[in-house]
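The tour goes from one selection to the next.

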Amino acid sequence: MIGGRAFEDQENLVGVIIPESVTAIGESSFSFCKNLRSIVIPKQVKEIESFAFSYCNSLRNIVSHIEEPMPISKYVFTSNPDNNIYDNATLYVPKGAKALYEKTEGWNLFKNIVEGELSPEPEPATKGDVNGDSQVNGTDLVALTNIILGKNSKTDAADVNGDGQVNGTDYVALVNIVLGRSQAPRRAASSASISIDPSFSIKAGETKEMVINLENASDEITLVQFDLRLPNGLTLKQTGGEYDINIAGRTTWRKHSLDANATNGIVRFLLASSSNATLTGTDGAIITMTITADNSFAGGDIQLENILMVTPSEKEIKQDTYSYHVVQSQPSTPTSTGLVVEPFNITAGSEAEMVIDLTNPSDEITLVQFDLRLPDGLSVKQTGGEYVYDIADRTTWRKHSLEANATGGIIRFLLASSSNATLSGKEGAIITITLKADNTYKGGTVKLENILLVTPEEKEIKPADLSYNIGSTGISSITMDAIDSNTPIYNLRGQRLAAPQKGINIIGGKKVMVK
């Protein structure tokens, strides 16, 4: 059976041949497919529910192989009065069955019923007419981009080069058609590959730029497509709902566009040109992206999968999955000046103290400013309308003042001294903040953004934003004999342990109480 609403509102459907194994077509299963022109119904179908093909206003050919038609609702093919399917479409039926259809409820509403041994099949989809409007133009390029990125489902018309797949090669082929310079696909082995720049490294709590390089010694490349799969604890940074990605030195936004979309656990990238312009040179950066590591990050493999590069003549170059290993000690202890959140956990309906540490091995710091962004369900506790926070070990209220104010969805903190007194020591806690989780809290990421550190000589230090990932279920418990000997184990100071210790350990990137 084809389930109810299975293909509802699919604008890319042009012709449908229902498989012979289908015995029932569910309610509204193809309704509002506005570009659907032809359908074939096999003889095994015993039931067609209401609105199955309603408001398919382009429907013109209906081929029914049912020899003894069953009654159907008048709403199966209902449509707008000014574009009535029963008036405009032709119903093709088996030889000798026309009289039966003319007296069977529902089918008898068709004005044009034709019988014969040979009935017309659905009109084939025009290659490149991705949106089904009977034209091939720039709109189809937009529709094809959405299909390649996994935003919309595939269609026959999207397989422009006819190789049974829908990918970047079809984009290049469609560009050639739109621009009137169609090329026949040529596929051959070639030497071109993408890789992650080997200078990339990242630790828990850091945000870094990662560069994708392309080597193409012998082929001109116009399009690059790949899937990015990140290990636990790493994410592709977003700002305002958009990924922080950019085109690098070998092209410009004038010549190429770059898009990315999350689908099925990966982020699919598409670097393409609406004019099939080629990337300059034969080696170097083509894409940059910003990667964030939360405090659970314990290392892992970054993978580039389903890699495809295409030439302007539609030649495909496919590369095996590329893997880049990132080593990480979890949790990290900063070696340069910056803030860090001491490991903590909080559960729904509870409170917890969050401690902010400062590490400054070479600079004396007098002022610290940052914005605190909390996940849904988590807030800074208030008493009498005042936030609950305090100055920690490295200074006193006599030397420094601490203020906080909510603004623009964040809470801005300012630790400052009217006499420019410096914080004592080189490492340790400077601020404590009491957090409160309501009953809706389900975990998330605490972020310290727009961090600014200032010395008495007015030197500014601006560390990268800091993210700290916390769960909602508290610290799990485990016995020592249940720990895999190959799993990395750390204490709360980030020191690697040869064996677990009783108390709280970091095991596999998670806080665990070892009994």
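The stops below cover a nonpolar core, a strand in it and the strands paired with that strand.

This is a predicted model, in which local features need pLDDT of at least 70 and side-chain atom pairs count only at pLDDT 80 or more, while totals for chains, interfaces and linings use all residues. Residues are numbered from 1 along each chain as its sequence is written, and side-chain values use heavy atoms, with hydrogens and water left out.

Start with Ile-194, Ile-212, Phe-226, Phe-269 and Met-289, which touch the most other members of the largest nonpolar core, a set of 38 residues. Such a core consists of buried Ala, Val, Leu, Ile, Met, Phe, Trp, Tyr and Cys residues joined through side-chain atoms within 4.5 Å; buried means under 20% relative accessible area (1.4 Å probe, protein chains only). Strand S17 (residues 283–293) gives the most to this core, with five residues. Strands are DSSP runs of E, at least two residues, numbered from the N terminus.

Next, centre on Phe-226. Leaving aside residues up to four places away in sequence, its contacts (heavy atoms within 4.5 Å) include Ile-194, Ile-212, Phe-269, Ile-287 and Met-289.

Now select S17. Nine of its eleven residues are buried, so S17 is largely enclosed by the rest of the structure. Strands count as paired if DSSP finds at least two bridges between them.

- S9 (residues 207–215) runs antiparallel to S17, joined by nine bridges; Ile-212 stands opposite Ile-287.
- S11 (residues 234–236) pairs antiparallel with S17 over three bridges; Thr-235 has Thr-292 as its bridge partner.
- S14 (residues 245–247) also pairs antiparallel with S17, over three bridges; Ile-245 stands opposite Met-289.

How values were computed: Buried < 20%, exposed > 50% of the residue type's maximum accessible area, 1.4 Å probe, protein only. Helix = DSSP H or I, 4+ residues; strand = E, 2+ residues; numbered from the N terminus.
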